[in-house]
Amino acid sequence: MRILIAPDKFRGTASAVQAADTLAAGARDAGWEPVTRPLADGGEGTLEALGGPTETSTVTGPLGAPVEAAWRLADGVAVVEMARASGLQLAGGAESNDPLAATSRGTGELIAEAIARGARRVVVGVGGSECTDGGIGAVEVLADLAPLDGSRGYLVQVAHDVSTRFVDAARLFGAQKGATPEQVGQLTERLRALADDYLRRFAVDVRELPGSGAAGGLGGGLAALGASLKQGFGVVAEGVGLAAAVREADLVMTGEGLLDVQSFEGKVVGSVAALATAAGVPWCAVVGQAAVHPDGADVIDLVATFGRDAALTQTLHCLRTTARDHLHRLPVPPGRDPVPGPSDPPLGDAT
């Protein structure tokens, strides 16, 4: 039996690649043939999902100091992940961030480097940002390369994981980046002024574009230069050939750290489930914790099964055990015998 394993990350405990590989090990324990497609929705993990880094460049960090940022270039396609150049964690988290000074300049420098190195298409994953600068830092770097719409031999695609409008970016996400209520107001006024400036300079009205507020408005800044805004899951799914892999599977297993209402609004688990359902392929989800329980869905909750401490500290052990035990209970195709599962390793050896 062929199982497609296509999870998102389990934030803070396992990357999508680690989760996919571990679930695949459990599937093999149960006698299944696993195919892995680690996924992302345009946020953190997009670079790994699309093949992992091949390059490293020194760029301007989120608060001005230089940082080493990994990115990918292969077969004329570059993948840049904003979190690697302009990420909140690089700024030391919300407590150490300077929301008014934080800049997207380093992400623009990575895009420019990719174009200079011959990339014909640049995919920019924009999750995990530290800035609400409306993309002006990146725009200052890239303005001379515009338009970024393919007419000059290179196309930039922004893979976003939220559909936030440009001027709403500070109101919705500023506090997560350390902004006080007063600073949120200042940032919102700055975004309004930038929208007017982009319209004047580039004849592009970014205010109502879905995703233009992603990454504190970087989506809108790049759109003003001609980049296309794309729903992140779709970009990643196309890049890894997900639809074909779903059609070829007997079962699809997906997963993420927290299953909630947003999981079914363009995020990985809901999108994978929709693809599987459309293809007539059964699916299940292994999640760290389920805040919602969709009717008829086959969802395994690690916290409910193993307890919170084990689910958070021994996630890989829990994932492998869950895949093995769950798949052992499913029918085995004719001519094949069930494969006995191995003894559980001690929790301390799970990784």
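Guide: Welcome! The model is predicted, so local features need pLDDT of at least 70 and side-chain atom pairs count only at pLDDT 80 or more, while totals for chains, interfaces and linings use all residues. Residues are numbered from 1 along each chain as its sequence is written, and side-chain values use heavy atoms, with hydrogens and water left out.

Visitor: Why is T132 called buried?

Guide: Buried means under 20% relative accessible area, exposed over 50%, and partly exposed in between, using a 1.4 Å probe and protein chains only. T132 has 2% relative accessibility, so it counts as buried.

Visitor: What does T132 touch, not counting residues up to four places away in sequence?

Guide: Contact means heavy atoms within 4.5 Å. Among the residues T132 touches are A169, K177, R190 and G216. T132 itself sits in the loop between β6 (121-125) and α5 (136-142); helices (H or I, at least four residues) and strands (E, at least two) are DSSP runs, numbered from the N terminus.

Visitor: What makes β6 largely enclosed by the rest of the structure?

Guide: Four of its five residues are buried, so β6 is largely enclosed.

Visitor: Why is the F166 and Y198 pair called edge-to-face?

Guide: The search of the whole structure finds two aromatic pairs. F166 and Y198 have 6.1 Å centre to centre and 65° between the planes. Rings of Phe, Tyr and Trp (its six-membered ring) pair if their centres lie within 6.5 Å; planes under 30 degrees apart count as stacked, over 60 as edge-to-face and the rest as tilted.

Visitor: How do you know that the radius of gyration of the protein chain agrees with a compact globule?

Guide: The radius is taken over C-alpha atoms, and the globule rule is 2.2 Å times the number of residues to the power 0.38. For 351 residues a compact globule would come near 20 Å; the protein chain has 21 Å, so the two agree.
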